[in-house]
Amino acid sequence: MTSPEPVHIRDESIRLGQLLKLAGLVEDGVMAREVIAAGEVSVDGEPETRRGAQIRAGSVVELAGQQITVVTGEAEIDVPW
């Protein structure tokens with residue numbers, strides 16, 4: 001399995017449903033609610049069924065074989081010279 005893709009957040013934590021949307025793993029809040037309620041999302045290897053669960057930096061979230069890891073701070077931007 002490949003290493004998790006980093007997803008940057010501004011605050012110390014983010015709700016699971018919001019994180020899935022931010023990472024592009026789901027299209028909208030309705031889809032987030034459905035996959036979470038169905039037990040298809042895991043956080044740090046454990047199933048998570050609460051859409052409002054607070055996810056913190058360092059956590060690894062998985063949905064349908066795609067993994068992301070939560071990182072605080074701004075993403076570095078490659079600026080061409």
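Which strands form a hairpin with two residues between them, and which residue in the turn has a positive phi? β6 and β7 form that hairpin, and Ala64 in the turn has a positive phi of about 55 degrees.

The model is predicted; local features need pLDDT of at least 70, side-chain atom pairs count only at pLDDT 80 or more, and totals for chains, interfaces and linings use all residues. Residues are numbered from 1 along each chain as its sequence is written, and side-chain values use heavy atoms, with hydrogens and water left out.

**View 1. The open sheet and its strand order.** Five strands form an open sheet with mixed pairing, in the order β1-β7-β6-β3-β4. β1 (5-9) and β4 (46-47) stand at the edges with a single partner strand each, so one side of each is left without a neighbour in the sheet. Strands are DSSP runs (E, at least two residues), as helices are (H or I, at least four residues), numbered from the N terminus. Two strands pair if DSSP finds at least two bridges between them. Strands of a sheet pair through backbone hydrogen bonds, either parallel or antiparallel.

**View 2. Strand β6 and its two neighbours.** Strand β6 spans residues 60-63. Val61 and Leu63 make up its covered face, Val60 and Glu62 its uncovered one. On one pairing, three bridges join β6 to β3 (residues 41-43), and the two run antiparallel. Here Val43 stands opposite Val61. On another, four bridges join β6 to β7 (residues 66-72), again antiparallel. Val61 stands opposite Ile68 in β7, and Leu63 stands opposite Gln66.

**View 3. The pairing of β3 with β4.** Two bridges join β3 and β4 in the antiparallel sense. Val43 stands opposite Glu46 in β4. Val43 also stands opposite Val61 in β6.

**View 4. β1 alongside β7, with Val7.** Five bridges join β1 to β7, and the strands run parallel. Pro6 has Thr69 of β7 as its bridge partner. Val7 is also found in β1. Val7 counts as buried, at 9% relative accessibility. Buried means under 20% relative accessible area, exposed over 50%, partly exposed in between (1.4 Å probe, protein chains only). Val7 and Val70 are 63 residues apart in sequence, yet 5.1 Å apart in space, C-alpha to C-alpha. Not counting residues up to four places away in sequence, Val7 touches Leu19, Leu22, Ala23, Ile68, Thr69, Val70 and Val71. Contact means heavy atoms within 4.5 Å.

**View 5. The salt bridge of Glu48 and Arg50.** The structure holds one salt bridge. Arg50 forms it with Glu48, the closest N and O atoms being 2.9 Å apart. A salt bridge is a side-chain nitrogen of Lys or Arg within 4 Å of a carboxyl oxygen of Asp or Glu. Side chains of opposite charge can pair when their charged atoms come close. Arg50 is exposed, with a relative accessible area of 52%. Glu48 counts as buried, at 13% relative accessibility.

**View 6. The surroundings of Glu48.** Glu48 lies in the loop between β4 and β5 (54-56). Leaving aside its neighbours within four places in sequence, Glu48 is in contact with Leu16, Ile36, Val41, Ser42, Val43 and Ala53.
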